[in-house]
Structure formats: structure tokens, C-alpha cells
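Hello,

Here is the structure I promised to pass on.

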Amino acid sequence: MTGLVDRLDQRLEDYRNQGLYRQRVISAGTGQLVFNSNDYLGLANHPKLKKTLADAVNRYGAGSGGSHLVCGHHHQHHSLEQELAEFVGRDRALLFSSGYMANIGVMQTLLGRHDTVVGDRLNHASLIDAVKICSANHRRYRHGDLAAATRAVAEVESGQVLIATDGVFSMDGDIAPLPELAALAAQTGATLMVDDAHGFGVLGDSGAGSLQAVGLTQSEVPVLMATLGKAAGLQGAFVAGSETLIEGLIQFARTSIYTTALPASTAAGLRTSLHLIRDESWRRDKLQTNIDYFRRGAEQLEVELLNSSTPIQGMVAGSNQRVMTWSDQLVMAGIAVTAIRSPTVPAGSERLRITLQADHSEQQIDQLLESLALLKCPIDSTDRAVIDE
Ligand SMILES: *Cc1c(COP(=O)(O)O)cnc(C)c1O
């Protein structure tokens, strides 16, 4: 008799045979040069942040002890929410334990099965799963294609429409046509939601994200979600918008109600992150300098990159096997870069996902560039021998 676990065993076997099997790499202390972290500003190891956290654990304890509606809501959470709202220019903000949960909570609260989400084809998995969980209809338009988005909205016959998009796309690093999507929403009465996981802290004059960069307000983008585990260097997420949106989420978002609040120490740490994002604007400048330096160097070496002005830079390999070979070669050269395979990205666009940070040096970027340039050479056994040395 075969049961569910046996069936899973077969699926794992198939996955292995297709070259899709993924392995977790223990990252601490490998001595590798890191070009695959989302810690864009280099805050995760900031001494002030570490000190705030350590002090806060000593002061408030290790865990929050409950959900926000029971006993887990600490004044540190409350102050952080106020500061986040002010920072992104919204009336209010609500913390979630992760971006994945925040996206689900938003859609659960706003949508029912008669409504439709019109979303970019390359939206993050958490937005896609959120649509499934709230049972809304889902229309996906060609990546970044405003005409396709416009058609998709026009084709909706009944119910409300939520246009949902990543601000900065997590795998391609390009930026959504946000002003145009906002105009589309305004013209059609749809509501626009932006997931700014990769724009928060990085884009905009004070780091408030991709909406600040293009000057879109709360009335134009009523639902803003951003995560705190990337540029903010810690973990968690928040949704920002009107009083009604936030009160609605507090009452109805099941991923907020039925889950343990982040520790108060994390909230305290995030308040420090927020100050650092705002006050150490040189980190954003340095990050931009590094991005420009990397792209110029790649051009000189004829390393082809996807078109991106953000810290996320893609180098397309075109097959799962090739991208794995490339990332193995980089590991041998002491560089950690993540191979992104299908189905995370469409087949044929398998790529290296390179992420730049403010605390990378030019010398480190040079080392990366040299290794990337070597990948383009056809690999035969002699080449391999050279790389292995
Ligand atoms: C990382 C990410 C999320 C999920 O955020 P977590 O806090 O890691 O759960 C959501 N959306 C986008 C676009 C992301 O890149």
C-alpha cells in the first residue's frame, strides 16, 4: 500500500531527475563573497541594530507571548507602526510577521470570490498564493505590459478589481510602470496594491520606496505592502494605507489575528533600522554607486545583464543545467550567487540572481565581474581544470 508520504517520495525522485532539486546551503562562515543577500543596505550586521536588539531582549524578554489581539501587542510594535506610516506618508500602518502573510491578509480582507485580481505575470509567489487563498479570480498580464493590464481590467465583467504588482520585481530587478498603473486604476475604479519588498529602504529620496520615487500618494495607491527582512535587515512586514484599511485588517486579516506577534525586540530593532534607513542616506548613495560600477564593468567585459537599475541584477543562462553549472563555478571561485531555476522563473529564462549591497567594495565587485566573465567561455575539461585550481 502506498500512502501520501510514498507518493511524495516519487515526486521528489521526479524532481531530482528533472534537475530541479534544491538544497539549502548553510551560509554562515563559509568565507564566500556574498552576492545573493537581500540585505541591500548592509544593515543586518549594523552594530547599532545588534545592540538595540540585545538590549531589547534583556528588557522585554525573548518572545511576544501571543497575537496582537491577545497579549502580544507591545508599545514597541505600536510606535513602530506609527513611525512606518509617517515614513511612507500614509495614515496608518499595520505590522505582519512576514510579507507572505501580509499579502494573504490584505487579499483575504479586501476580496471575495466575485472579485478579480489583475496581476503582473512576474508577481511574487506570495501575491499569487494570496489570490488563491481569498478565492478571487485571477487575471495575469504580460510582465510590465500596460496595454495587457488595461485589457485585463476591461475584461472583468462584475465585482471589484484589485490591480496588484511588485514595485521592484524580485527576480528581474526592474520597476513596475507604477504611475501608469495608478492612472489605469483611477480611470477604471480599480484599487492599486503595490508590494514594495525590494523598493523599501532602497528607492526614493529618504528610502521610503518605489512609490516615493515616483511621488504616488495614498489616494493613488491605497494599499502599500513592504517587507522588513530585506533592506531593513531584520524580519517582518507592514501594510500602510487609510484608517479604514488598517482597521479592516486588524478585524479581518486572519494572518494577523491567528498568529503570534513578532517579538517586541524585533519591533525595537526595526525602529532602529528605520532611523538608519532615513539618517544614513550615504548607504543608498553607495549602493547606487556599486550598481553603476557593476553594470559598467559588465558592459566592458561583455557580460550581458537583464535591464535593471536596482540592486537585483540578472544574468540569463537559459536552462536549469547551465545556471547550475554557472553557480557551481562561482562557488568554486568563492562567490555566492543564487541560481534561479524554473518554475520560479519561466523556462528559458533561468538565471543567476546577483544582488548588490552598500557594503560591497569595488574590489569585491571586480572579483565578481572577473568570475562572471569566465562563465561565458565554453566549458570543456581544460577550462574546468583551470577553474578548479
Ligand atoms: C520576499 C518577498 C515577499 C515575502 O516577504 P517575507 O517577509 O520574506 O515573507 C513578498 N513579496 C516580495 C516581492 C518579496 O520579494
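The largest pocket has a volume of about 1500 Å³. A pocket here is an open set of points on a 1 Å grid over the protein atoms alone, where a 1.4 Å probe fits, with protein on both sides within 12 Å along at least five of seven lines; lining residues have an atom within 4 Å of a point. Points are joined across faces, edges and corners, and the volume is the space filled by probe spheres set on them.

Please keep in mind that this is a predicted model: local features need pLDDT of at least 70, side-chain atom pairs count only at pLDDT 80 or more, and totals for chains, interfaces and linings use all residues. Residues are numbered from 1 along each chain as its sequence is written, and side-chain values use heavy atoms, with hydrogens and water left out.

Back to the largest pocket: 46 residues line it, and Arg-22, Asn-36, Thr-338, Ala-339 and Ile-340 are the closest to its centre. Helix H5 (125–134), helix H13 (320–332), strand E11 (338–340) and strand E12 (351–355) each supply at least two lining residues; helices (H or I, at least four residues) and strands (E, at least two) are DSSP runs numbered from the N terminus. The lining has 19 nonpolar, 14 polar and 13 charged residues, where Ala, Val, Leu, Ile, Met, Phe, Trp, Tyr, Cys and Pro count as nonpolar, Asp, Glu, Lys and Arg as charged, and the others, Gly among them, as polar. At least three lining residues come from each of domain 1 (23–41 + 281–383) and domain 2 (47–279), with bounds from an automatic or database domain assignment.

The second largest pocket holds about 150 Å³ of space. Of its 16 lining residues, Gly-99, His-124, Ala-197, Thr-227 and Lys-230 lie nearest the centre. This lining divides into 4 nonpolar, 9 polar and 3 charged residues.

Which residues does Leu-372 contact, leaving aside neighbours within four places in sequence? They are Phe-294, Val-303, Met-315, Leu-330, Leu-352 and Ile-354, with contact meaning heavy atoms within 4.5 Å.

Best wishes
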